[in-house]
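Hi,

Here is the model you asked about.

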Amino acid sequence: MLKSKKHVFWEALFVTVIVFITGLLIGISFEKHQSDIIENYYAQSEVSLVDIMVLQKLSDIEGYDCDVLINANMEFADKIYFEALLLQEYESASRIVDDLVLSHKKYDLLRTFVWANALKIFEKCSEDFTPVIYLYEQNTEDLAKKATQKVWSRILEDLKYKKGNEIILLPIAADNNLSSVNAFVNQFEIKSLPCVVVGKDVILYELTSEEAIESYLN
Amino acid sequence: MDFFTILYLSLIFIGFYYFFLFILIYFQNRKHMFEYFKPLKEYSLSIVIPCFNGGENIGRTIENLLKSDYPGLKKIIIVDDCSTDNSYEIAKDFEKKDKRVLVVQTPKNTGGAAGAKNFGAQFVKTELIGFTDDDSYPSKDAISKMVGFFNDEKVGAVTSRVLVRNRDKLLARVQSIEYKVIAFTRKLFGFIDSIYVTNGPLSIYRKKAFDNVKGFDEKNLTEDIEITWHFIAKAWKVHMALNALVYTVVPHKFKPWLNQRLRWNVGGIQTLDKYKKSVFKCGMLGFFIMPYFFVAWVLAIFGLGFVIYRFSRYLFVQYLATTYSIEAQTAVIRFSELNLSPTILFFFGVVLIALGIFYNFTALAYSRKEDKEFKGENITNVVTYMFIYLLFYPIVLVTSIYKFLTKNQTW
């Protein structure tokens with residue numbers, strides 16, 4: 001009469017494993033693709049970085065041309081700022097592959113270098129621009145902090161769009177245990193994250209309006 | 001990968017497994033879905049109707065049984081469990097009109113259907129014993145489509161398909177969808193010897209098997225689940241006749257519905273607790289039914305817990321960000337924050353929901369042919385069922401576990 005077919009349990013397991021692994025592979029290749037895009041941008045940014053380093057060396061020898069230095073650094077900072085936005089988008093979509101964690105650290109180092117460079121130029125050409133450094137915590141689980149960082153990003157994004165080449169905006173994750181970033185955090189005596197360093201002296205810990213930040217700019 | 005990703009992927013994997021298991025069972029057996037057998041002989045049958053304050057429906061239940069086309073139906077035993085309404089009088093009227101009807105009364109209220117059913121079983125002398133609720137209406141050919149399964153001497157129980165009679169309110173209409181999906185799924189379970197419940201509205205047992213398991217467990221809130229597990233534990237086969245229809249009245253208000261669901265779930269947990277030593281023993285009971293129940297419950301609780309956890313965190317961050325944005329005089333929402341790169345977890349979730357929808361529609365398509373009395377399902381009801389009604393399941397389950405653990409099992 002009615003025959004039960006219990007081999008179906010194994011068949012279902014087989015189909016599930018195939019479908020699941022296929023899904024995971026698609027997911028991995030999708031995340032790898034995004035990671036490759038970021039890596040490609042990073043490789044281009046490295047070229048720009050070397051370019052800036054050479055330019056800096058030349059400036060040390062031949063004297064400072066503020067316009068050239070500011071423009072080069074501004075262009076580079078803007079480039080890696082917009083790449084940071086893309087990186088942030090991809091990072092929020094990344095669940096399986098960890099490649100972007102490393103990319104993020106590499107970008108943080110790039111931005112830290114630009115920060116150092118910007119401070120040096122700022123000493124010589126302070127009237128032309130202001131470096132605005134946003135230090136945040138990437139790995140926080142504190143929801144209030146996450147919300148605060150979200151709003152800081154909004155304010156600074158608006159500020160960048162409004163001020164354009166008058167500021168160099170550099171968001172840097174300060175909790176990735178990078179020696180250079182830690183050195184800056186110590187040098188500026190940063191008490192808590194997130195915070196915004198405007199120029200060389202102003203450190204903002206509390207959320208404030210765009211207009212209030214503008215008042216600290218040159 | 002973080003803990004939540006691993007947890008989420010594990011839940012997705014189990015969800016996929018269940019889907020493919022059911023869909024493979026369906027495709028391998030679809031020609032046998034409505035299969036039923038001609039009885040090799042005319043098995044004598046008695047139907048017991050436990051009745052407590054069922055005056056509103058009991059008359060129609062008896063009428064429907066008397067109209068049955070199965071010639072072997074010898075007795076219809078109405079067990080009045082000390083009703084305070086006119087149930088007894090209504091049943092007595094039928095007794096006077098038809099000699100197959102017997103009305104008996106329990107000495108005192110037994111406190112549950114199981115007690116009344118066991119009391120009625122004492123009067124049964126036939127080869128088969130059936131039970132129907134006092135608010136259920138078996139169709140004319142339901143019994144004759146069920147008894148043929150008893151040709152196999154290892155079959156101890158055969159159950160029917162329950163459809164909802166009252167579909168005037170939204171909650172009842174949604175339950176009518178639920179009942180169809182459950183019936184479809186239960187039939188699929190039948191192909192792997194794993195029918196886990198013989199429903200109260202209409203189920204028939206071999207009397208020898210019924211006596212073998214010593215009838216219903218009167219301490220259990222879902223005696224129909226318990227007896228089925230007992231049958232399987234004793235190596236009796238259980239089948240379902242998908243074309244044996246019985247119509248029942250379901251609660252159309254929230255509180256009675258909730259009480260019913262809590263009772264079912266607490267009963268289910270009681271049964272799981274009672275048979276816990278049978279895990280990975282007793283054939284399909286220990287190897288599939290019990291693990292299935294357990295995993296399905298864990299899946300439901302963790303799944304909903306996961307969604308609530310993530311969504312509440314998201315809402316909280318959004319709320320704080322909005323508050324802070326207002327204080328900082330910046331825009332509260334902006335296009336650039338729209339994430340156009342969904343995660344792999346999102347895709348897995350979407351695929352699983354799509355598979356779930358496909359499964360539900362397959363189950364509903366199967367009911368259309370038999371459920372002629374009613375029009376096809378309204379899409380609003382289907383959407384309500386899939387995306388709102390089912391979300392209550394884990395909540396009911398958690399409450400039931402609490403009630404079970406606190407021994408708060410009075411009704």
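Predicted model: local features only at pLDDT ≥ 70, side-chain atom pairs only at ≥ 80, totals over all residues.

Residues are numbered from 1 along each chain as its sequence is written, with chains lettered from A and ligands numbered from 1 in the order in which they are written.

Chain A puts 38 residues in contact with 36 residues of chain B (contact: C-beta atoms, placed from the backbone, within 7 Å). On the chain A side, α1 (8-62), α2 (66-93) and α4 (143-163) each supply at least two residues (helices are DSSP runs of H or I, at least four residues, numbered from the N terminus). The largest share, 13 residues, comes from α1(A).

In chain B, the axes of α10 (residues 284-327) and α13 (residues 392-405) come within 9 Å and cross at roughly 110° (axes are lines fitted to C-alpha atoms over the stretch in contact, and angles run from 0 to 180 degrees between N-to-C directions). That makes α10(B) roughly perpendicular to α13(B) (65 to 115 degrees). B:Trp297, B:Ala300, B:Ile301 and B:Leu304 in α10(B) meet B:Tyr393, B:Pro394, B:Leu397 and B:Val398 in α13(B).

Last, B:Val48: leaving aside neighbours within four places in sequence, B:Val48 is in contact with B:Ile77, B:Val79, B:Lys117, B:Gly120, B:Ala121, B:Val124, B:Ile129 and B:Phe131.

Cheers

Key:
Parallel < 35°, antiparallel > 145°, perpendicular 65-115°, else oblique. Contact = placed C-beta atoms within 7 Å.
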